[in-house]
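Let's take a friendly walk around some aromatic rings. Have the 3D view ready and turn it as you read.

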Amino acid sequence: MARIELQSLSHSYGSAPGTSAAYAVKPMTMVWEDGGAYALLGPSGCGKTTLLNIISGLVTPTKGKVLFDGVDVTALPTERRNIAQVFQFPVIYDTMTVAQNLAFPLGNRGVPAERIEARVRTVAAMLGLTGELRRVARGLTADMKQKVSLGRGLVREDVCAVLFDEPLTVIDPHLKWQLRGELRRVHRESRTTMVYVTHDQTEALTFADKVVVMYDGEVVQIGTPQELFERPAHTFVGHFIGSPGMNVLPASVERNVARIGGVAVPLARVYPNLAGRGRIEIGVRPEFLQVRSGGEGLPAVIKRVEDAGRHKIVRAEFNGVALAALVDEDDSVPETDVRFVADPDRVHVYADGVLVGG
Ligand code: ATP
């Protein structure tokens, strides 16, 4: 297990690293605490795999350092970093049995035979592979092969960290659900530092204690699932996490009132003068917008109402901007004089996408 530190780290694959657009990972300094379960979440191309590969040693950063427990490992190759990795697609030996595949990372390091056997049994049981131990890997389904790959990543107990790169991509949806739970349990028992790359918010939020959200080469927020939901540090986090994502509306803000298209929206906090701070927006999650008839609020025009199981999603438009509100399945949606009313405590203010403290 290890505390992983990234110091003034950045990476550019191109030949013009002077421009910020050329960076796959923009300059960052951060710490991954020893024993933490982290998810690295973001859309395709935001730099997740590059960052993971820098931690594993597959990519050497253009600038900055990687430290494991205070030791600079930036120049060390992957095999000298004492990590386990699980990739998107199975990495196993087709001609070996499942048991031999699981035993391989241990046998390779001279672990005694009885210990190997015990560990192989434990990991196989964890992943539902006990009945398959004697089968040759070649004949397994893609799901099974990936489970073996996961097992190979989890079998060693002495690693600094286990790094997962979208490990459940080839797994069928039902099994995905089950394996996510298993990985969470394995983490709780082993307390090994784990970093799990995914673009799927459900995967990230169910696996991790802390989610690291990346956008365009930058880490825009590190937080618990609850923090990301309640206080998105960037409009991107608000959009990306939640279903539907946070409503973001261009606004002007004066002290504790926001104005959108001439309509006042009360805020729970007093804000400083934001002149010169760039694009000002307010953000409010659909969960914290009520739909009423008459009174104060944004006179939005309802476009459609979607059935989402326990909720209805009311899709509307105000001042040329799309809005969504969540309404309980049993509540009726008003049809006349419609007003969208935000809970002032849940309205956030953003300047150029970044959360402003009130
Ligand atoms: P995905 O989920 O699609 O893998 P990602 O968030 O993991 O995306 P990266 O694969 O790290 O993102 O890519 C970040 C940026 O770096 C992208 O613009 C990508 O095109 C670029 N990139 C990645 N690998 C290389 C490479 N070997 N050479 C040049 N550019 C690369």
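Which charged end sits over the ring of F288? The charged end of R346 does, 4.1 Å from the ring's centre. Here, a charge sits over a ring if NZ of Lys or CZ of Arg is within 6 Å of the ring centre and within 35 degrees of the ring normal.

This is a predicted model, where local features need pLDDT of at least 70 and side-chain atom pairs count only at pLDDT 80 or more, while totals for chains, interfaces and linings use all residues. Residues are numbered from 1 along each chain as its sequence is written, and side-chain values use heavy atoms, with hydrogens and water left out.

A search of the whole structure finds eight aromatic pairs. Rings of Phe, Tyr and Trp (its six-membered ring) pair if their centres lie within 6.5 Å; planes under 30 degrees apart count as stacked, over 60 as edge-to-face and the rest as tilted. Two of the stacked pairs share F236:

| Pair | Centre to centre | Angle between planes |
|---|---|---|
| Y215 and F236 | 4.2 Å | 15° |
| F236 and F240 | 5.1 Å | 20° |

Y215 lies in strand β9 (residues 210-215) and F236 in helix α8 (residues 235-240), so their pair ties together parts that are 21 residues apart in sequence. F236 and F240 are four residues apart in helix α8, about one helical turn.

Are these residues buried (under 20% relative accessible area, 1.4 Å probe, protein chains only), exposed (over 50%) or partly exposed (in between)? F236 is buried at 10%, whereas Y215 is partly exposed at 36% and F240 is partly exposed at 21%.

Elsewhere, ring pairs link F164, Y196 and F207 into a cluster.

How values were computed:
Helices (H or I, at least four residues) and strands (E, at least two) are DSSP runs, numbered from the N terminus.
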